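Reader: I would like the terms for this structure set against their definitions. Please take them one at a time.

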Amino acid sequence: MWTVELGRTGVRLPNLALGTWNIRDPAAMRETIRAAVDLGVFHIDTAEIYPGAEEIVGEAIRGIRDRVFLTTKVAPQHATYAGTLAACEASLRRLGTDFIDLYLLHWLERDTPLEETLRAFRTLMEQGKVRFAGVSNFGVRELRRAQELFQPDALVNDQVEYNLTNRRIERDLLPYCREAGITVSGYSPFWEGRIPRRSPRWRGVERIAARYGRSPYSIVLNFLARQRDVILIFKTERVEHLRENVAALDFTLDPEDVAWMEANFAP
Ligand code: NAP
């Protein structure tokens, strides 16, 4: 694991973050969050719309808030000026904290009043309730629009899907964000757990994994982490999987394996 600068803020975050969508076992998730912080994966990603997640995160980080970087998200249906302020208050309450490190608009809908959302973000930053602001699921066009509405350098993050079968961001979003000083976070590296096990390409990943004595999940993370400035957000509620995912960045894939991955999972 290594660190990545968040935008041009000077704040450095680990290039692995722990997600909290679709929690099956709250106690296991709490234990995994605390283990993650101890292992240096101190960036926890959640959202107001993840059922029960903000409360579970809040319980998990009680007493260790100062060691955690918290990202949460306002849903577009709440994203008016007043709605965003209210959503933030509710998230703060559920998280049991008085500030959010990074607050994102979860996605953009046709009728999302983006200007209002960003104005609310600015107010929340002035009030000290939010440290940094960003967006999620924005393409280059939407990002440009948001930057025009906000101070250009105040949007520090775009959180988007990134996995072996969706590497589109490498073509356009990532180069744009690098130039603009916006950190990209990639979510669902394991396809939300829906691994394409029966595909011949996945069997190829399994064969590579076997040669390194690693799991195919480790090969996936190791390969995606070749974009060294992207924060990879995975979710697990098992400490052994967490450890495995952190260790997945401790080795280097041979050039022929990288070439095979590039050929079979082209961006
Ligand atoms: P993901 O990380 O792609 O996959 C999670 C699944 O992988 C879980 O079923 C987990 O099961 C399994 N897993 C993880 N590590 C493993 C390992 N080493 N071995 C075996 N299984 C492993 O899922 P995701 O939840 O879709 O994405 C990650 C996070 O990104 C989310 O939780 C959320 O915070 C964020 N996200 C954001 C958006 C957005 O719109 N901004 C959308 C989707 C996700 P176990 O618990 O059993 O390990």
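Author: A closed barrel of eight strands runs β3-β4-β5-β6-β7-β8-β9-β10, with parallel pairing. The model is predicted, so local features need pLDDT of at least 70 and side-chain atom pairs pLDDT 80 or more, while totals for chains, interfaces and linings use all residues. Residues are numbered from 1 along each chain as its sequence is written, and side-chain values use heavy atoms, leaving out hydrogens and water.

Reader: What makes β3 and β4 a pair?

Author: Strands are DSSP runs of E, at least two residues long, and helices are runs of H or I of at least four, numbered from the N terminus. Two strands pair if DSSP finds at least two bridges between them. Strand β3 (residues 16-19) and strand β4 (residues 43-45) have two bridges in the parallel sense, so they pair. Leu 18 has Ile 44 in β4 as its bridge partner.

Reader: How many helices and strands does the chain have, and why is it called as compact as a globular protein of its length?

Author: The chain has ten helices and ten strands. The globule rule is 2.2 Å times the number of residues to the power 0.38, and the radius of gyration is taken over C-alpha atoms. For 267 residues the rule gives 18 Å and the chain has 18 Å, so the chain is as compact as a globular protein of that length.
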